[in-house]
Amino acid sequence: MSAGKHLGKGSVHPALPDDGVPRLYSMRFCPYAERAHLALNAKKVPHHTIYVNLTEKPEWLIDVSPLLKVPALHLVGEKAQPSLIESLIIVEYLDEKYPENPLLPKDPLKRAQDKILVERFSAITGAFLKILIHGDGADFWPAIDIFEAELGKRGTPYFSGEKPGFVDYMIWPWFERLAIAEFILKESYNFDKKRYAKISAWLDLIVKDEVVQSHYATPEQHLTYWKSRKAGQINYDLLA
């Protein structure tokens with residue numbers, strides 16, 4: 001269940017069924033929140049989604065997200081009804097709490113290696129932010145080289161093997177937003193399909209994945225949202 005439009009300052013917290021299922025506080029175009037959506041959907045965990053206006057945050061958000069961040073997962077079925085924040089913490093909790101359709105490998109070494117790889121992805125998220133703020137993509141392409149090489153080393157279509165898993169879903173949201181980088185960088189945008197042959201093949205596969213499609217926005221939609229943000233008139237409800 002989704003509460004639909006993004007709720008902001010002065011809004012009333014939506015009335016939700018007293019059914020004990022987790023409540024995800026999110027923003028539709030946040031890549032970190034997308035990680036939580038993908039994990040919940042991959043594991044088929046029933047949940048409610050409440051979308052939040054991050055420009056004018058609702059007063060009640062602090063009750064479920066002390067740092068006023070999304071994603072926040074409110075565990076109303078647990079004792080004291082705690083909330084979790086930070087996308088990777090939420091995803092790892094879900095993977096342990098709901099063992100069906102595991103995202104991380106069972107082998108301790110492989111689990112550690114996958115977590116390290118996602119940690120290394122922070123170089124790409126940082127470089128992407130640099131594009132958004134400064135229009136500088138110099139650090140972006142070398143960071144992708146690391147993942148191109150790793151996918152080749154693993155010798156599988158996905159980072160997690162023959163089907164998408166933890167690494168794939170945790171890094172996908174930034175690749176979904178490549179259209180924004182292309183728009184900002186213009187002629188200096190250089191996603192070379194020969195240089196990134198394995199990543200290109202991975203992109204062609206994962207975009208068709210059922211879980212990815214469950215929370216997918218098109219390149220055009222991402223670009224429309226970004227333009228509204230740059231214009232100072234953020235259209236959070238573009239997809240509502």
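The questions and answers below concern a predicted model, and they go from its sheet to its aromatic pairs.

Q: Which strands stand at the edges of the open sheet of four strands?
A: The sheet is open, with mixed pairing and the strand order S2-S1-S3-S4. Two of these strands each have a single partner strand, so one side of each is left without a neighbour in the sheet. The strands at the edges are therefore S2 (48-51) and S4 (83-85).

Q: Which residue in S2 does Ser 26 stand opposite?
A: Strand S1, which covers residues 23-26, runs parallel to S2 and is joined to it by four bridges. Within this pairing, the residue of S2 that stands opposite Ser 26 is Tyr 51.

Q: What angle does the direction of helix H2 make with that of S4?
A: Helix H1 (residues 31-42) packs on the sheet and touches S1, S2 and strand S3 (72-74), its direction making about 150 degrees with that of S1. Helix H2 (residues 87-97) packs on the sheet as well, where it touches S3 and S4. The angle between the direction of H2 and that of S4 is about 125 degrees.

Q: Is Lys 43 buried or exposed?
A: Lys 43 is found in the loop between H1 and S2. Leaving aside its neighbours within four places in sequence, Lys 43 is in contact with several residues, among them Leu 94, Tyr 98, Pro 99 and Leu 103. Since a residue under 20% relative accessible area counts as buried, and Lys 43 has a relative accessible area of 4%, Lys 43 is buried.

Q: How far apart are the ring centres of Phe 175 and Trp 202?
A: Phe 175 in helix H6 (residues 166-176) and Trp 202 in helix H8 (residues 197-206) are 27 residues apart, and both of these residues are buried. Their planes stand at 75 degrees, so the pair is edge-to-face, and the ring centres are apart by 5.3 Å.

Conventions:
Residues numbered from 1 in each chain as written. Predicted model: local features only at pLDDT ≥ 70, side-chain atom pairs only at ≥ 80, totals over all residues. Heavy atoms only, no water. Pairing = 2+ DSSP bridges. Helix = DSSP H or I, 4+ residues; strand = E, 2+ residues; numbered from the N terminus. Contact = heavy atoms within 4.5 Å. Axes fitted to C-alpha atoms, helices over the stretch in contact; angles between N-to-C directions. Buried < 20%, exposed > 50% of the residue type's maximum accessible area, 1.4 Å probe, protein only. Phe/Tyr/Trp six-rings, centres within 6.5 Å; stacked < 30°, edge-to-face > 60°.
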